[in-house]
Amino acid sequence: MPRANASRPAPGPRHRRHPARPPRPLEARQTVATLDRLSGGRVTLGAGLGGVPTEFTVFGQPMPSGAELDSCLSLVSRLLSGDEVRFTADGPGVRLAPLPVQRPVPIWIGSTSPAAARCAERWGGWMIAGDDEQGRMAMAPDQVPDYSGELALIGVSEPGSSVKDYTVSWWLEHLHGYRGTYDELLDRVRAGPPR
């Protein structure tokens, strides 16, 4: 997922939510710190609630709230900072290692809701979807919301097309089964990023 002016790709942002179990801040912290070290300080943590309640209810769990996500991200951020973290007021402090190269590690919120926009303001990055479920662009360049932080647009483009009219920091090419067969998607990857 290269930045428009990047000479080499950077890992992230990606977000993964395993619906069968609650978030695990210690695991997330360790994974992010390790990937950041392996990439030389180029990881971005993407976070979101998930868009479909049945992703959770099918496993007997309620869909988490934005407050729960924010609380989890606060804990992960503190754990990534290298500072001592206490889980209870009278409990022992924890300081984890190894530390990531970046401090702070960028955190981007994925969603188009107003609540997600407010959360993204706190964390500094926002990922929004610009395509529809049929794999077509649904957001015109003049519909991109104003945002002061890093803004990534998930969209679809044709080989050689330009996305310069979209005023975003990052363009994330959305490759999913709605766009075509595996071979068609692979051909799109081989064609390279949009201009």
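Tutor: A helix here is a DSSP run of H or I with at least four residues, numbered from the N terminus. Also, keep in mind that this is a predicted model.

Student: How do you know that the span of α1 agrees with its 14 residues?

Tutor: The expected span is 1.5 Å times one less than the number of residues. For α1, residues 25-38, that gives 20 Å, and the end C-alpha atoms are 20 Å apart, so the two agree.

Student: Which residues of α1 are buried, and why do we say they line one face?

Tutor: The buried ones are P25, R29, V32, A33 and D36. Looking down the axis of α1, they fall within an arc of 100°, so they line one face of the helix. Remember that an α-helix has 3.6 residues a turn, so residues three or four places apart point the same way. What the buried residues of α1 pack against is β1 (45-47) and α3 (66-81).

Student: What about α4: which residues are buried there, and why one face?

Tutor: In α4 (114-123), A116, A117, C119, A120 and W123 are buried. Their arc comes to within 165° down the axis, so again they line one face. P114 and R118 are exposed and sit on the face turned away from that buried side. The buried residues pack against α3, β4 and β5.

Student: Why is G110 called partly exposed?

Tutor: Buried means under 20% relative accessible area and exposed means over 50%. G110 has 21%, so it counts as partly exposed. It lies in strand β4 and touches A47, G48 and M127, leaving aside neighbours within four places in sequence. G110 and I128 are 18 residues apart in sequence, yet their C-alpha atoms are 6.0 Å apart in space.

Student: Which residues have the most contacts inside the largest nonpolar core?

Tutor: L73, I109 and W126, in a core of 28 residues. The elements giving two or more residues to it are α1, β1, α3, β4, α4, β5 (124-129) and β6 (150-155). Beyond its neighbours within four places in sequence, I109 has contacts that include A47, L73, C119, W123 and W126. There's also a second, separate core of five residues, among them W108, M127, A152 and L172.

Student: What makes the pair of Y166 and W171 tilted?

Tutor: Ring centres must lie within 6.5 Å to pair, and planes under 30 degrees apart are stacked while those over 60 are edge-to-face. Y166 and W171 are 5.5 Å apart centre to centre, with 55° between the planes, which makes the pair tilted. Both Y166 and W171 are buried. The count of aromatic pairs is three.

Methods:
Residues are numbered from 1 along each chain as its sequence is written. This is a predicted model: local features need pLDDT of at least 70, side-chain atom pairs count only at pLDDT 80 or more; totals for chains, interfaces and linings use all residues. Side-chain values use heavy atoms; hydrogens and water are left out. Buried means under 20% relative accessible area, exposed over 50%, partly exposed in between (1.4 Å probe, protein chains only). The arc is that of the directions from the helix axis to the C-beta atoms. Contact means heavy atoms within 4.5 Å. A nonpolar core is a set of buried Ala, Val, Leu, Ile, Met, Phe, Trp, Tyr and Cys residues joined through side-chain atoms within 4.5 Å. Rings of Phe, Tyr and Trp (its six-membered ring) pair if their centres lie within 6.5 Å; planes under 30 degrees apart count as stacked, over 60 as edge-to-face and the rest as tilted.
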